[in-house]
Amino acid sequence: MNPVYYLYLAALLFTIGAAGVLIRRNAIVVFMCIELMLNACNLAFVTFSRLHGNLDGQIIAFFTMVVAAAEVVVGLAIIVTIFRTRHTASVDDASLMKL
Amino acid sequence: MNSLAAAASTGEAVQFWILGTVAVVGALCTILMKRAVHSALSLAGTMIVLAVFYLANGAYFLGVVQIVVYTGAIMMLFLFVVMLVGVTAADSLKETLKGQRWLAAGLGVGFGILLIAGIGNASLKEFNGLGDANAGGNVQGLAALIFTKYVFAFEVTGALLITAAVGAMVLTHRERTERTPSQREQSLARIKDGKQVTPLPAPGVYARHNAVDIPGLLPDGTPSELTVNPTLRERGQIRDVSQEALAELKALEQRSQEWLGRGGSESPAAPTTTPAAPKEEAGK
């Protein structure tokens, strides 16, 4: 088996995540789909690291993880705040900047 | 480490095809499951599979970090927020934009074809493998890179994490602006409202069930909404004991009907009643 199949898997997972962001309305699930896309990118980075035979790809994947963790913390805090004021987690209902 | 050279072994191929299927199914479940909790659990499964793939690709440190940070911290944070928020947050099935779902699915398929065709056309013939890079240990190699070539990015990451922590606290912290009403004030307010002065009635029907998801029955036999937790009501997880009893009775009647129909053809009806009783016991 050629390790390039990992890249195909990463592309597939990224596509599923992107479709999920477009399809789903629940803000939390949209967020999970973004995480899925980030993970797919990480898999591609790790595979490219193996392709080139150096560790730079793994470093980038590591930084992606750190940024994803920070992003999740802030994003979920925003979702909780929106839920407190509007009592909904649907992205359709949060169409106004101010209530 | 030599196995991480160009071509993957047969064992890795088997692992890839089995776990890759699991990962794709988990990803599909993430976007197709109706409840956010199920989505979160499917995504956690996909992330664990990805961790195994990192290990297989020679990224030992990242594989462990993936399990600890992603499935351990991030997904549990997701579950936490789902429990806080998602109780009433079942996705509405009404489309705000007409045909948006099919359009989105079509776009997704097109995008996927584009990506996969791009990879197919790229010249990725030979893999160098991580044998040399991992020779002194994966963690040591990563550390050497982080603290030399990528040290500036590493410092900026620290600033990012501090900002994120402060931001989360600012966003979720709520200053209490008014005094909490005392017990006396609360009871006075309840009497002024005149809706429900006494404590709420207990759930369950004592003769049969006392589970919290079964509403108590009013004197006329109708279930009382007040007895069940509003969260369960929102989720539609209330079991109605009167409906259940009716369904059970109907099933019982049908079974005895079947038994009588079969028993009547071969023997008179009188002896069928005695064997019917233990069968119904067993059926329950």
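**Helix 6 of chain B.** I began with helix 6 of chain B and found it hardly covered: of its 22 residues, one is buried. For burial I count C-beta atoms, placed from the backbone: a residue is buried with 20 or more others within 10 Å of its own, exposed with 12 or fewer, and partly exposed in between. Helices (H or I, at least four residues) and strands (E, at least two) are DSSP runs, numbered from the N terminus. I then checked the length of helix 6 of chain B, residues 151–172: at 1.5 Å a residue it should span 32 Å, and its end C-alpha atoms are 32 Å apart, so the two agree. The expected span is 1.5 Å times one less than the number of residues.

**Ground rules.** I note that this is a predicted model, in which local features need pLDDT of at least 70 and side-chain atom pairs count only at pLDDT 80 or more, while totals for chains, interfaces and linings use all residues. Residues are numbered from 1 along each chain as its sequence is written, and chains are lettered from A and ligands numbered from 1 in the order in which they are written.

**Helix 7 of chain B.** Next I looked at helix 7 of chain B, residues 183–193, where zero of the 11 residues are buried, so this helix lies largely in the open.

**Chain B as a whole.** I counted 10 helices and zero strands in chain B. Of its 284 residues, 19% count as buried. I also looked at contacts in chain B between residues at least 6 apart in sequence, and 48% of them join residues at least 24 apart. Two residues are in contact if their C-beta atoms, placed from the backbone, lie within 7 Å.

**Helices 2 and 3 of chain B.** How do the axes of helix 2 and helix 3 of chain B cross? They come within 8 Å and cross at roughly 175°, with helix 2 covering residues 36–56. That makes helix 2 of chain B roughly antiparallel to helix 3 of chain B. Axes here are lines fitted to C-alpha atoms, for helices over the stretch in contact, and angles run from 0 to 180 degrees between N-to-C directions. Angles over 145 degrees count as roughly antiparallel, under 35 as roughly parallel, 65 to 115 as roughly perpendicular and the rest as oblique. Ala, Val, Leu, Ile, Met, Phe, Trp, Tyr, Cys and Pro count as nonpolar, Asp, Glu, Lys and Arg as charged, and the others, Gly among them, as polar. Among the residues of helix 2 that meet helix 3 are B:A40, B:L43 and B:Y54, and the helix 3 side includes B:L62, B:G63 and B:I67.

**B:G45.** I stayed in helix 2 of chain B for B:G45. With 18 C-beta neighbours inside 10 Å, B:G45 counts as partly exposed. Leaving aside neighbours within four places in sequence, B:G45 contacts B:V22 and B:G26. The C-alpha atoms of B:G45 and B:G26 are 6.3 Å apart, although 19 residues separate them along the chain.

**B:L62 and A:F62.** I found B:L62 in helix 3 of chain B, residues 60–85, and B:L62 is buried, with 29 other C-beta atoms within 10 Å. Beyond four places in sequence, B:L62 contacts B:Y54 as well as A:V46, A:Q58, A:A61 and A:F62. A:F62 is in helix 3 of chain A and counts as buried, with 26 C-beta neighbours inside 10 Å.

**Where the chains touch.** How many residues does each chain give to the contact? I get 66 from chain A and 72 from chain B. On the chain A side, helix 1 (5–23), helix 2 (27–52) and helix 3 (56–86) each supply at least two residues. Helix 3 of chain A gives the largest share of that side, 21 residues. The residues on that side divide into 45 nonpolar, 15 polar and six charged.

**The core.** Last, I looked up the largest nonpolar core, which has 69 residues; A:A10 and A:L43 are among those with the most contacts inside it. A nonpolar core is a set of buried Ala, Val, Leu, Ile, Met, Phe, Trp, Tyr and Cys residues joined through C-beta atoms within 7 Å. Helix 2 of chain A supplies the largest share of this core, 17 residues.
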